[in-house]
Amino acid sequence: MLSLLWLIPALPAAGSVLLVLFGRRLGRGGTAWVGTGSVSLSAVLALLVCGSFLAAPPAGDAYRQVLWTWFDVGGFAPAIGLHLDAVSIVWVLVITVVGFLIHLYSVEHMERDDGFTRFFIYMDLFVFSMLVLVLADNLLLLYLGWEGVGLCSYLLIAFWQEDAQNVYSGRKAFIVTRVGDTALIAGLFLLFTHYHTLEIGQLMHLVASRSPAPDSGVVLAAGLLLLGGAVGKSAQAPLQTWLPDAMAGPSPVSALIHAATMVTAGVYLIARTNVLYTLAPDARLAVAIVGTVTLLLAGFSALVQRDLKRALAYSTISQIGYMFLALGVSGWEAAVFHFMTHAFFKALLFLAAGVVIVALADEHDIFRMGGLRRELPAVFATFTVGAAALAALPLVTDGFYSKDLIIATSLGSVDGGAWFYVASLIGAFVTGLYSFRLVWLVFFGARRTEVSRRPRWRQLVPLYALAALSVTGGFVWMPAWLGGFEPLRKLLDTALPPAPMEGAAAHFAESVGAALITILVVAAGVGLSYVLWMPRRERTQAFAAAPSVQPLVALWLGGWGFDWFYERVFVRPVKRFAHWARHDLVDHVVGGIAWLNLAGWRGLSAGQNGRLRGYLAVTGLGVVLVLAVVVLR
Amino acid sequence: MILLWYVLIPTVAAPLAWLAGRRSPAAARWVALAGTAAPLALVAAQWIAATDRLSAAFTAAGPGAAGLAAGSWVVDLRAPWIDSLGISFFVAADGLTLIMLLLTFGLGLLSVLCSWRGITTRVGAFHFMLLWTVAGLAGVFLALDLFLFYFFFEMMLIPMYFLIAVWGHERRVYSAVKFFIFTQVSGLLMLVAIVALVLIHGRATGVYTFDFTQLLGTPLPAGTAFVLMLGFFAAFAVKLPAWPLHTWLPDAHTDAPTAGSVLLAGVLIKIGAYGMLRFMAPLFPDAVAAFRTWALALGAIGIIYGAVLAYAQSDMKRLVAYTSVSHMGFVLIGVFAWNELALQGVVLQLVCHALSTGALFILVGGLQDRIHTRDMARMGGLWRVAPRMGGTAMFFAMAALGLPGLGNFVAEFLILVGVWQVSRWAAVLGAVGLVFATVYALWMMQRAFQGEETHRLSFPDLTRIEVGMFASMIVALVLLGFWPQPLIVTARQTVDGLQRMTAGTALVAPGADASTSTDGASGGPAVTDGAADTGSAPATGDGGAP
């Protein structure tokens with residue numbers, strides 16, 4: 001069974017190629033079958049393969065399948081090889097299962113779109129690239145998947161390409177993430193130069209065996225460079241600016257790429273190379289700081305957005321910030337856990353939001369929604385489940401279990417600390433505030449826009465399925481005070497080091513008391529959001545518009561001015577230089593030489609005019625000059 | 001004799017095409033098609049036949065330093081030509097030659113195909129010039145006599161000049177003259193260097209010869225070597241083109257007919273890289289090493305400057321031309337890094353850039369034939385009109401920005417990882433260049449194919465010939481992206497030989513590059529061989545390179 005591993009990424013790739021070649025002949029029905037079918041087969045296969053892996057774990061708790069040698073130059077021979085272990089299992093299952101649900105949803109969501117075939121070509125290509133990313137056994141192949149998902153992200157953000165604004169958003173996403181990728185690839189150069197391999201297992205082994213002596217600088221640099229790549233892809237500060245704009249793409253794209261899977265690639269990368277960060281505490285600390293800063297910045301931005309999808313995008317950035325925080329305090333497993341639960345509830349939220357937006361004829365402004373509770377009951381129910389999971393409502397949502405674990409780790413880990421703990425609690429409070437703000441504004445109150453289209457089964461089934469997962473997904477890792485049922489942890493222990501929970505802080509962090517604090521904070525956030533946006537909605541809006549508060553709201557709305565800053569410091573100078581130099585500065589020199597020749601020729605031929613008097617004068621002048629030089633010397 | 005056919009077939013087909021053109025344009029096209037397809041088939045056959053030998057020799061002791069003796073070459077013809085001056089008609093081929101010949105005839109074939117509809121005036125003469133250019137290119141890659149090399153180097157200039165000046169676009173005469181002067185002047189510098197080298201060698205040994213294999217290892221004072229090296233560098237840097245000698249290229253590309261642009265970008269500028277690999281570095285290894293920092297800087301500047309300038313253009317063809325400046329910057333830094341990784345990357349880059357940029361030129365040419373403009377301000381939203389064209393453009397734009405999965409990525413990665421061993425800053429600047437590549441590639445796509453369709457253009461999508469051409473190039477690039485090994489094996493002996501020829505010089509720093517050191521370990525005796533062979537050259541290098 002395990003030997004079929006290669007088919008899991010190959011099936012969506014085949015689907016994509018088939019659609020490129022025969023998409024026109026297949027029609028919409030055929031396209032939907034090929035596009036969704038290939039991913040569903042891949043999901044079934046992934047369940048079978050991972051099931052057999054879990055039933056009978058191979059030696060070393062990892063299965064490696066080398067398909068062929070990519071190339072072989074002077075001993076550098078990266079393979080096209082796949083590596084399946086606990087970490088990749090979690091990602092593969094989420095990608096294929098959630099991916100399948102989103103494909104199914106898309107068949108209905110995109111049914112009236114002209115680019116139906118193109119959409120599924122890109123989506124299948126994305127699933128293929130993402131699977132390559134998480135299954136790659138070496139960093140170079142991982143980079144192939146990494147760039148492949150970046151390409152699909154660009155293509156799908158710019159999917160409705162007649163609108164230049166969408167294309168701009170797509171380009172921005174691609175270019176900003178590529179800035180991070182430059183750091184990542186430099187990290188690969190560095191690692192290869194020092195360890196002569198990019199095969200992840202071997203590389204981590206070499207790094208661990210040679211450390212701490214002479215390479216510690218290399219390990220630190222490599223850790224920071226890989227972090228640069230992760231920051232770009234996972235939309236963390238300071239490269240988070242592309243994700244809110246990425247919402248220009250269709251809603252299923254936001255759900256699959258910009259919430260559930262691609263944006264967590266950075267989390268995957270760091271978890272996969274955790275040895276580097278364990279050996280370079282400064283790099284690990286940088287990860288924690290990036291995560292903390294991002295989760296706070298994005299949380300406050302989410303609080304004031306008017307566009308439903310932008311609010312969700314900022315919440316994604318913030319939640320991935322939590323994952324980075326977890327990674328930064330050596331809570332590798334907690335980060336993976338939160339990735340999984342986040343994939344369920346955030347995909348759910350985006351899909352539900354997609355139904356709402358289509359139902360209201362492409363209305364994105366939450367202040368022009370309202371009262372949809374009765375009009376779209378199924379969406380209301382599922383969206384609320386998703387929002388509850390996002391806010392981490394205790395016990396009945398998966399988000400609670402994973403987020404509480406991160407909050408506990410941020411305090412209890414020997415690499416954690418009070419600052420991280422407090423920040424993560426503030427984040428939890430803000431999350432409660434902004435997630436239920438959306439529920440109150442969209443589904444309660446007066447109805448403002450007519451519902452023009454209602455979801456049918458292809459959209460409802462994925463919503464229900466994801467809602468079910470958002471409730472049950474957390475039960476695979478319960479805290480000790482709830483019985484400590486934790487199969488996920490046991491699975492992840494085979495591939496990742498457990499979080500170093502030691503000392504009194506750890507004891508407290510894992511206790512009921514700490515959990516109660518989290519619950520209270522979340523409850524306070526949700527409660528306050530009810531007060532602010534249900535009975536006192538007008539007053540809240542008036543307050544936000546008050547002159548003393550308005551600048552802060554504007555700052556948060558614009559994402560803390562990062563775009564403003566980059567525009568002035570990077571974009572405009574480059575544009576200005578390019579415009580100024582567009583006729584090629586160097587060519588002016590060449591043109592200058594040509595001009596000098598021409599001018600010399602003109603000057604000399606002007607002198608040759610046949611006037612004897614002129615010739616005589618010049619000759620005389622010359623004689624005088626020569627004499628003067630001779631005499632005066 | 002087989003090598004001679006590569007030059008002879010297009011040379012003879014050229015006048016035939018002209019004559020046929022008097023009967024009907026179609027006849028000229030078919031003759032030209034045969035005149036490029038036949039040698040392409042020949043070289044492909046030779047390549048396949050040589051597969052075993054190319055890969056076997058690598059596992060064995062490897063070719064000797066000068067290459068010829070150990071048999072990595074297919075020496076075909078060594079006939080006296082101008083005996084009194086020591087000039088002979090000396091042609092030979094190794095793996096690198098085969099690759100360059102495949103490129104020459106492959107792109108020659110494509111340029112015949114892409115002119116099928118676009119060229120309607122003086123069709124016979126056009127194909128005459130095209131075939132002669134191809135013949136000259138083949139000669140350049142085969143010649144091992146420096147005078148013969150120079151002869152072909154200059155010979156292909158003239159038909160290319162006419163291709164631009166007669167069948168070109170708006171400023172064709174200006175561009176053709178500029179192209180001619182740049183290449184001619186720099187070529188003369190190389191000729192001076194060649195003659196000086198021959199004279200120095202003759203005085204030292206009493207043998208006056210232009211035979212490259214005999215001139216190898218001529219003892220030279222460091223200063224002299226440096227000056228002579230600069231003579232070669234000037235010629236090849238103009239061809240490549242390296243910043244700041246690149247300014248002929250955007251003009252020539254923009255105004256050349258599509259076939260001319262394809263040959264220019266695909267093969268002609270590759271002579272620069274080929275000449276540096278084949279002649280410049282082995283002849284003057286220490287001087288090249290002394291010049292390394294400067295060349296790396298020029299290359300890195302070229303990468304970023306070319307990319308930024310590409311972004312600034314509104315003429316689509318000019319944009320593609322500037323991307324060549326950027327991509328050839330990678331080649332330059334790769335050559336001067338001079339380790340196995342970088343050199344294999346360079347060879348791969350030559351092939352992949354030829355395919356991807358050639359395709360973009362064919363695409364722009366096709367677009368111009370349809371809408372009679374290259375100005376992107378007058379395009380926009382063309383995807384809706386011609387979705388196949390849009391998808392194809394997107395594919396090759398991705399190749400231009402070095403997307404993994406396509407050959408260009410493997411090439412650029414190998415170059416940069418090789419350069420990193422020599423100079424981190426050059427590698428980092430190269431990687432930054434990839435960000436700028438993203439900027440121009442996506443900007444081009446947006447202005448031409450995406451966005452609002454403001455100009456209400458209507459034209460047919462890709463024709464069958466075009467679909468065939470693009471499909472073959474797409475398949476080739478994807479293959480090279482996932483399995484470049486056949487090409488790497490083909491070039492391996494050459495790269496190995498180059499490494500050994502220069503072993504022990506400042507160019508190959510011992511221990512600096514892991515890959516070469518492990519490689520050397522496998523063929524122990526060969527390394528000493530190489531050191532002995534070039535022993536005379538580094539002896540002078542010890543005197544202190546500038």
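User: How far apart do the C-alpha centres of domain 1 of chain A and domain 2 of chain A lie?

Analyst: In this predicted model, the two centres lie 43 Å apart. Domain 1 of chain A covers 280-559 and domain 2 covers 565-590, with bounds that come from an automatic or database domain assignment. Residues are numbered from 1 along each chain as its sequence is written, and chains are lettered from A in the order in which they are written. Local features need pLDDT of at least 70 and side-chain atom pairs count only at pLDDT 80 or more, whereas totals for chains, interfaces and linings use all residues.

User: What confidence does the predictor give to chain B, and where does the pLDDT fall below 50?

Analyst: Because pLDDT is the predictor's confidence in each residue, from 0 to 100, the value to set against that scale is the chain B average of 85, with 89% of the residues scoring at least 70. Over residues 58-71 of chain B, however, the pLDDT is below 50, and over residues 511-546 of chain B it stays under 50. For the complex, the predictor gives an ipTM of 0.91 and a pTM of 0.90.

User: Why are residues of chain B said to be in contact with chain A?

Analyst: Two residues are in contact if their C-beta atoms, placed from the backbone, lie within 7 Å, and therefore, by this criterion, 46 residues of chain B are in contact with 40 residues of chain A. The largest share of the chain B side, ten residues, comes from α19(B), where a helix is a DSSP run (H or I, at least four residues) numbered from the N terminus.

Methods: Helix = DSSP H or I, 4+ residues; strand = E, 2+ residues; numbered from the N terminus.
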